[in-house]
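Me: Hi! I have a structure open and I'd like to talk it through with you. Can we start with the ligand and go on from there?

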Amino acid sequence: MARPHIRRISRTPMLSSRRKFTSALLVVDMQYDFVHGSLAVNDATSIIDKINYLLGLPFTIKIATKDWHPPDHVSFAMRHEKTPFSKITVYPPGDDRDDRAREQVLWPMHCVASTPGSDFVEGLHYKALNAVVHKGTHRDIETYSGFRDPWHITVTELPSLLEAQEVTNIFVVGLAGDYCVKCTALDAVEFGYETWVVREAVRDVFDTETHWEEMKKKGIHMVNITEVEEMLKD
Ligand code: VGL
Ligand code: ZN
């Protein structure tokens, strides 16, 4: 009877060694449509070189997310015969309880799976990546976060990729700061990771700016590239 207890104690040193600094670079949605295409983010071209520089640093694992929608995705204005950037209320499939309601911004059609708009933007050193995670693949579920949808019905491959490498610290860059970068970073904190956003390597869809405070309040750190480089030396 005492044996399981003893065994648990003997595992403690291994647990602490697992917490040593292990890093992941997450490159969010650096795709044609968000840089030059239907949902082009202002000044997005200027972060390509910065992200390429980061892709050359010794992170334990480098992962990109891709927005990867079916042609009639729930977030597309056209599907609802509404104008882009108007808003609707959405629910998880088959569940219209009030507490599940979410406001959905309707976007121009973008990042349709396997079309040129969904490709990595030209010039991105995508060959330095170890993995690519697709999200927003379900017709009726919007997924800004690289981890999972907002109702936690579906999960991507990202959590298991990070667990396999015993990652402790996540560095997020890419597009867009006020949507997918923010939601990915917030989920990274919820999954228990020390989370850093490399602010100079992020650009936003709208210029509201409130998302930076929102992230900081949840414990997300803002860093610059020089600071990241220093952290990776230790
Ligand atoms: C995104 C709007 C719609 C993003 C994705 O990558 O931030 N924004 N789909
Ligand atoms: Zn999208």
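Me: How do the residues of the shell around ligand 1 divide by type?
Reply: They split into seven nonpolar, one polar and two charged. Here Ala, Val, Leu, Ile, Met, Phe, Trp, Tyr, Cys and Pro count as nonpolar, Asp, Glu, Lys and Arg as charged, and the others, Gly among them, as polar. This is a predicted model, where local features need pLDDT of at least 70, side-chain atom pairs count only at pLDDT 80 or more, and totals for chains, interfaces and linings use all residues. Residues are numbered from 1 along each chain as its sequence is written, while chains are lettered from A and ligands numbered from 1 in the order in which they are written.

Me: Which residues are around ligand 1?
Reply: They are Asp29, Phe34, Asp67, Ser75, Trp107, Tyr144, Leu175, Ala176, Tyr179 and Cys180. Each has its C-beta atom, placed from the backbone, within 6 Å of the ligand.

Me: New topic: how many residues of helix α6 are buried?
Reply: Nine of the 11 residues in α6 (residues 180-190) are buried, including Cys180 and Leu186. Buried means 20 or more other C-beta atoms within 10 Å of the residue's own, exposed means 12 or fewer, and partly exposed is in between, with C-beta atoms placed from the backbone. Helices (H or I, at least four residues) and strands (E, at least two) are DSSP runs, numbered from the N terminus.

Me: And what covers those buried residues of α6?
Reply: The cover includes β1 (23-28), β2 (61-67), β6 (169-175), β7 (194-203) and α7 (210-217). Contact here means C-beta atoms, placed from the backbone, within 7 Å.

Me: In what sense do β1 and β2 pair?
Reply: They pair in the parallel sense, over five bridges. Two strands pair if DSSP finds at least two bridges between them. β2 also has five bridges to strand β5 (residues 131-135), again running parallel, and threonine 65 stands opposite valine 133 in β5.

Me: Which residues touch the most other members in the largest nonpolar core?
Reply: Phe171, Val172 and Val173 do, out of 49 residues. α6 gives the most to this core, with six residues. Such a core is a set of buried Ala, Val, Leu, Ile, Met, Phe, Trp, Tyr and Cys residues joined through C-beta atoms within 7 Å.

Me: Last one: why does aspartate 33 count as buried?
Reply: Because aspartate 33 has 26 C-beta neighbours inside 10 Å. Aspartate 33 sits in helix α3, and among the residues it touches are His110 and Cys111.

Methods:
Two residues are in contact if their C-beta atoms, placed from the backbone, lie within 7 Å. Lists of a residue's contacts leave out its neighbours within four places in sequence.
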